[in-house]
Every structure is written in C-alpha cells, then in structure tokens.
Amino acid sequence: MYNTKTKVIAAFNQSGGAGKTTLVHNLGYHLAKKHKVLLIDMDPQASLTTFMGVEPKNLTENQTIYAAITDRGELDIWHEPIHNMHLVPSNSFLAGAELELGRDITTDSRQKLKFTLEEVVDKYDYVLIDCPPSLGYLSIMSVIAATHLIIPVQTEYKCYAATEQLLNTIGRLKKGGHKDLQIAAFVPTQYDGRTLQHSGILEGLKNQIENRAHITKAIPNSVDFPSASQAHLPLALWKKNHPAVNILEEITNHLIKLNHAN
Ligand SMILES: Nc1ncnc2c1ncn2[C@@H]1O[C@H](COP(=O)(O)OP(=O)(O)OP(=O)(O)O)[C@@H](O)[C@H]1O
Ligand SMILES: [Mg+2]
C-alpha cells in the first residue's frame, strides 16, 4: 500500500466519545519513546489538536490538514514536536472539506489523505490518524489512508450494539478495494469493573469480537484521563503510576509487534 514499513493506524469508531482522541494522544506518546511518530487530526472538532496544547482557533488554513487534502497547500507539520510527537493539526475549516470533496467526482477524492501521506510516510515509523465520530467522508478518507485500524469501544450497551455496524462498514471497505486493511485491535474503554452492567457488556464484546479481531485489556474509567488532556499531557506524564499506564504500554507493544498484511 505504501512503499515503506510505516504503520498508518486510524482510530475509528462512528460513536461519539468512544475514546479515539484520548487513545491516539496516549498511544502516540508511548510509541514516540522509541519510534518516529506523526499524529494527524482528521476531526473538525480538533480535540487532538487541543489535547496537544495547540489552539485550533489561532491556526491559519495552511497550518491544518484541510489545506493539504483540498490541494490548497503542502502538508504542514507543526513546527515543533510535542512530547516527541509530530502533529498535523485541524480546526473547523476541515468541516468544509467534507462538502467540497464529496462533490468532487472527477478525481478519487476519497484517496486525498493517502496521497498526502505518501509524501511523508517514509520519515515516520507510525502515523496515527484521529477520525471524527461519523461514517462520513473524513472518516472514510482516513480509513482508506490507513494500513491498520484501532477501535476504542465504550463498555456501554449502545456502543456494543453499534459494533456490528462498524464491522460491516470495515468489511465493505475491504471488499471495495482496500483488501489489506487490518484491524489492529478493539480497545474496551471507560471500563468500570465494579458495575455489573460494564462487566456484562465486556463479556458480550469479547464474544462478539473474539474470532474476528484482537481485543485488548480494558482501559479503566478514570477522571485522570480528562484531567491529563485538560493539562495537555498524556496520562503517563500526568500520573506516571496510574494503573492505566501499564495497559497503554501493553497496547503499544501489541501495535509494535503487528505485521503488514502483504
Ligand atoms: N478511560 C477513560 N476514563 C474516563 N474518561 C475518559 C476515558 N477516556 C476518555 N475519556 C473522556 O471521555 C471523553 C471522550 O473521550 P475522547 O474525546 O477521547 O473520545 P472520542 O471518541 O475522540 O470522542 P469524539 O467522538 O467526540 O471525537 C473525553 O472527555 C475524555 O477525556
Ligand atoms: Mg475525538
């Protein structure tokens, strides 16, 4: 797919608040201890940009992913790494791309992010893409640019029910020409083992997914996640002995061990 061994991993789930951005920020941090990492914010809400400590409102069009995927400018990587991670920010301009590119029938505009990344992938070991909470154009474009998907799923009934739809969408994209796409892992998130509902949902999720993809240990529900993000820090720098840090390390090691499909 790309001419490098770079893993391009998109955090994908149409459900809002599943934990995509938190996962990209934290896994990016752990991967960046030993590898070259680029984060791409593909959400017009720009949460990843904000979590990284960059103010979306202050960005010009050319400083965001919007310019590159709409051919308005070169891919502009934020001028300095943040906790060792490189970032292509986003802001609300990106919402316009969905409409613009959706109207474009002359070129394969769904491949715009992939074409953009082709120019830089060889400089990185990992590119992590934060998708918006929809199955719209920006998410599809992100999945087409990805070699792997990581799928956070809240241990709530509504998310469990939406997982079947998610697996169908991934199946359709694979059939539609993206056959090498791999599911890196499902990551149960915001898990509270003390509630019977959560432990029941986690069991159900394991049964639903087990034969189709890897499922990681559950990331516990903890107020330290939003607190760390608000402080613009990955959890490990906010509270290094937090029990979730080891789980994030384990998920990182799983990503490192993954192979490409071809
Ligand atoms: N393990 C956790 N425990 C408690 N809160 C969490 C956890 N993970 C994420 N959160 C919080 O839940 C909210 C949603 O998380 P996040 O923004 O990462 O999800 P998302 O899937 O990116 O959301 P969106 O779909 O809006 O992009 C945030 O306020 C975040 O701080
Ligand atoms: Mg998000």
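Student: Which residue in strand 5 does I9 stand opposite?
Tutor: I9 stands opposite H148 there. Keep in mind that this is a predicted model.

Student: What makes strand 1 and strand 5 a pair?
Tutor: The cut-off is at least two bridges between the strands. Strand 1 and strand 5 have three bridges, in the parallel sense, so they count as paired.

Student: And how do you know that strand 4 pairs with strand 1 and with strand 2?
Tutor: Five bridges join strand 1 (residues 7-11) to strand 4, and five bridges join strand 2 (residues 37-41) to strand 4. With at least two needed, both count as pairs. Strand 4 runs parallel to strand 1 and parallel to strand 2. For examples, V8 has V127 as its bridge partner in strand 4, and L39 has L128.

Student: Why is strand 4 called largely enclosed?
Tutor: Because five of the five residues in strand 4 (residues 126-130) are buried. Both of its faces are covered: Y126, L128 and D130 lie on one side, V127 and I129 on the other.

Student: What about strand 1, is it mostly covered or mostly open?
Tutor: Mostly covered, with five of its five residues buried. K7, I9 and A11 point one way, while V8 and A10 point the other way.

Student: What makes V121 buried?
Tutor: Its relative accessible area is 3%, and buried means under 20%, so V121 qualifies. You'll find V121 in the loop between helix 5 (112-118) and strand 4. Leaving out residues up to four places away in sequence, V121 touches Y2, T4, T6, V8 and V127.

Student: How many aromatic pairs does a search of the whole structure find?
Tutor: One. The pair is Y66 and F93, at 6.1 Å centre to centre and 20° between the planes.

Student: Why is that pair called stacked?
Tutor: Centres within 6.5 Å make a pair, and planes under 30 degrees apart make it stacked. The values for Y66 and F93 are 6.1 Å and 20°, so both tests are passed. Y66 belongs to helix 3 (residues 65-69) and F93 to the loop between strand 3 (85-88) and helix 4 (94-103), so the pair ties together parts 27 residues apart in sequence.

Student: Which of the two labels, buried or partly exposed, goes to Y66 and which to F93?
Tutor: Y66 is at 6% relative accessibility and counts as buried. F93 is at 37% and counts as partly exposed.

Student: Now helix 8. How do you know that its buried residues line one face?
Tutor: The buried ones are H198, I201, L202, G204, L205, Q208 and I209. Seen down the axis of helix 8, they fall within an arc of 165°, so they line one face. On the face turned away from that side are the exposed residues L196 and N207. The cover over the buried residues includes strand 5 (148-154), helix 7 (157-175) and strand 6 (182-189).

Student: And what makes helix 6 mostly covered?
Tutor: Nine of the nine residues in helix 6 (residues 137-145) are buried. Among them are Y137, M141 and A145.

How values were computed. Residues numbered from 1 in each chain as written. Chains lettered and ligands numbered in written order. Predicted model: local features only at pLDDT ≥ 70, side-chain atom pairs only at ≥ 80, totals over all residues. Heavy atoms only, no water. Buried < 20%, exposed > 50% of the residue type's maximum accessible area, 1.4 Å probe, protein only. Helix = DSSP H or I, 4+ residues; strand = E, 2+ residues; numbered from the N terminus. Arc of directions from axis to C-beta. Contact = heavy atoms within 4.5 Å. Phe/Tyr/Trp six-rings, centres within 6.5 Å; stacked < 30°, edge-to-face > 60°.
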